Amino acid sequence: MFATIGIANQKGGVGKTTTAVNLSACLARMGRRVLLVDLDAQANATNHVGVDPPQDEMLSSYALLVDKSPNVRAILTAVSPNLQLVPGHIALAEVDIKLFSTINRETRLQRALARLREDFDYIVLDCPPSLGIATINAFCAATHLIICIQTNWFAYEALKRLMSIVEDVMEETNPNLVVYALATLHRPNVNIHRDVLVKIQETFEHFALSSVIRHTATLAEASAARQTIVEYAHGSRGHMDYQNLAEEIINRVERKALKIAQAL
Ligand code: ADP
Ligand code: MG
């Protein structure tokens, strides 16, 4: 197991699901064993990989949050040879109410996923567009976060709120969490987009990923066709951007793991 990567931002429509799905697909293509976990009630990631959300919510990520000892392996759905999915479900919309007064409700997902450590190289968590209990669970379970930031709109206040919650999670349960920023929906020929990209780089410094996801209609088409970009438009701009991201993640994460292993 190299990393559990949460894809986050409390704003919707910033490219989280597109990133979770296509990063997973590219990592799987590069021979890594990948588990994609759809934590959003809209189940967009589930549909994007061509899977229908299950009828029974206990066969979705909902079970990992509400069930104290879920049978995680029974919930896994195979997508392609190296890619498995824990589907989303509409019931996730009620998870905050359901877990309102439960003890240790922030670490349910972490404990459920711990059982799969040997089975996967990467676990990718597609977070909902909120800072509710599913997102907090993702922050606690993750070793790395990728915060998707659209380059047409640098929402300083929203980012501040997000980072303050990340800080709380780090203080309370997850001190080693690594936080990256990824520029999404980027249009390199638009001035404001270039300005925001610079701002992201200044703010996050080394933790601003050098891979940038450009705005390209093919990525939206692939989602509508319920295929990953690897299948839908192999070699396209969208595929190349996500391929670069996967390579950068592998470089940053696995090299570090190797260095630690050698030092031991
Ligand atoms: P989120 O999960 O943050 O709500 P999505 O990944 O669902 O965001 O993206 C929102 C919409 O924008 C979707 O219709 C998606 O297909 C589209 N989209 C995402 N990334 C890109 C991109 N780089 N270029 C063009 N369209 C994109
Ligand atoms: Mg989404």
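R214 is partly exposed, with 26% relative accessibility (buried is under 20% relative accessible area, exposed over 50%, partly exposed in between; 1.4 Å probe, protein chains only). The model is predicted: local features need pLDDT of at least 70, side-chain atom pairs count only at pLDDT 80 or more, and totals for chains, interfaces and linings use all residues. Residues are numbered from 1 along each chain as its sequence is written, and side-chain values use heavy atoms, without hydrogens and water.

R214 forms a salt bridge with D241 (a side-chain nitrogen of Lys or Arg within 4 Å of a carboxyl oxygen of Asp or Glu). R214 sits in strand β8 (residues 208-214) and D241 in helix α12, 27 residues apart (helices, H or I, have at least four residues and strands, E, at least two, as DSSP runs numbered from the N terminus). D241 is buried, at 4% relative accessibility.

The whole structure holds 7 salt bridges, including these:

| Pair | Closest N to O |
|---|---|
| R214 and D241 | 2.8 Å |
| R33 and D121 | 3.0 Å |

R33 lies in the loop between α1 and β2 and D121 in the loop between α6 (108-114) and β5, so their bridge ties together parts 88 residues apart in sequence. R33 is partly exposed at 33%; D121 is buried at 11%. Both E254 and R32 are buried.

Aromatic pairs number 2 (ring centres of Phe, Tyr and Trp, its six-membered ring, within 6.5 Å; planes under 30 degrees apart are stacked, over 60 edge-to-face, the rest tilted). F2 and Y122 form a tilted pair, 5.8 Å centre to centre with 40° between the planes. Y122 is buried at 0% relative accessible area, while F2 is partly exposed at 32%.

Notes: Chains lettered and ligands numbered in written order.
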